[in-house]
Amino acid sequence: MSPRSALNRSLLALAGLVLLGGGLLILFAGLDLYRRHDLVPPAGWPLTTPADVLLCSADRARWSSQGWWWWPAVIAALVLTALLALWWLLAQLSRRHPGSLPVGRTPRQESVELRDRALSDAIAAEAGALPTVEHAAVRITGRPAHHRTRIRLTLTPEGTPGATLAALCDGPLSTARRSTGLPDPPTEVRLQVTRHRPHRVE
């Protein structure tokens, strides 16, 4: 899991817990479940009856001699939350693959570019032709200057991880490096073995 994915999942989990807790508080208070089921909430527990409010006027003006500051503070907090949510959404919708990669070291005005999908398909086709590989999937992510290659290989029952990785590095990855003139990018390889029926020994 990449750091970005871990951060996204952590933020989503935290937001989900906050929303779930707030929703349960409102639900229990709105339906008056504490009284109906003879439940005793802890001392100081917010929202225990349908008539309760989260913050009363006295609480809102506790830290100020005037009460006018409350609504500007609420509006500023909501605007800040909306901006942070919008920034996070735009970050998720941003392109996660480089699009085009420069080929060779030609001058900028004469540069030749290769689509990342074409390169990943070529690597997948050559990797899938290895003797012990049944299926290969390749995806290139990141920016053109700092891209990553993610490879998923499904091995045949006779395949061994060490030999397959050596053949992958000497074959498809070496071919891609020679063809594009690009340095070796960080590469992540995931191996799995295809399901097969057990052999009967007699």
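**Exercise 1. Trace the salt bridges around Glu188.**

Arg150 and Glu188 form a salt bridge, with the closest N and O atoms 2.7 Å apart. The term requires a side-chain nitrogen of Lys or Arg within 4 Å of a carboxyl oxygen of Asp or Glu. Arg150 sits in strand β4 (residues 146-155) and Glu188 in strand β5 (residues 187-193), so the pair ties together parts 38 residues apart in sequence. Strands here are DSSP runs of E, at least two residues; helices are runs of H or I, at least four; both are numbered from the N terminus.

This is a predicted model: local features need pLDDT of at least 70, side-chain atom pairs count only at pLDDT 80 or more, and totals for chains, interfaces and linings use all residues. Residues are numbered from 1 along each chain as its sequence is written, and side-chain values use heavy atoms, leaving out hydrogens and water.

**Exercise 2. Classify the partners of the Asp32 salt bridge.**

Asp32 pairs with Arg35, the closest N and O atoms being 2.5 Å apart. Asp32 has 12% relative accessibility, so it counts as buried. Arg35 is exposed, at 57%. The cut-offs: buried under 20% relative accessible area, exposed over 50%, partly exposed in between (1.4 Å probe, protein chains only).
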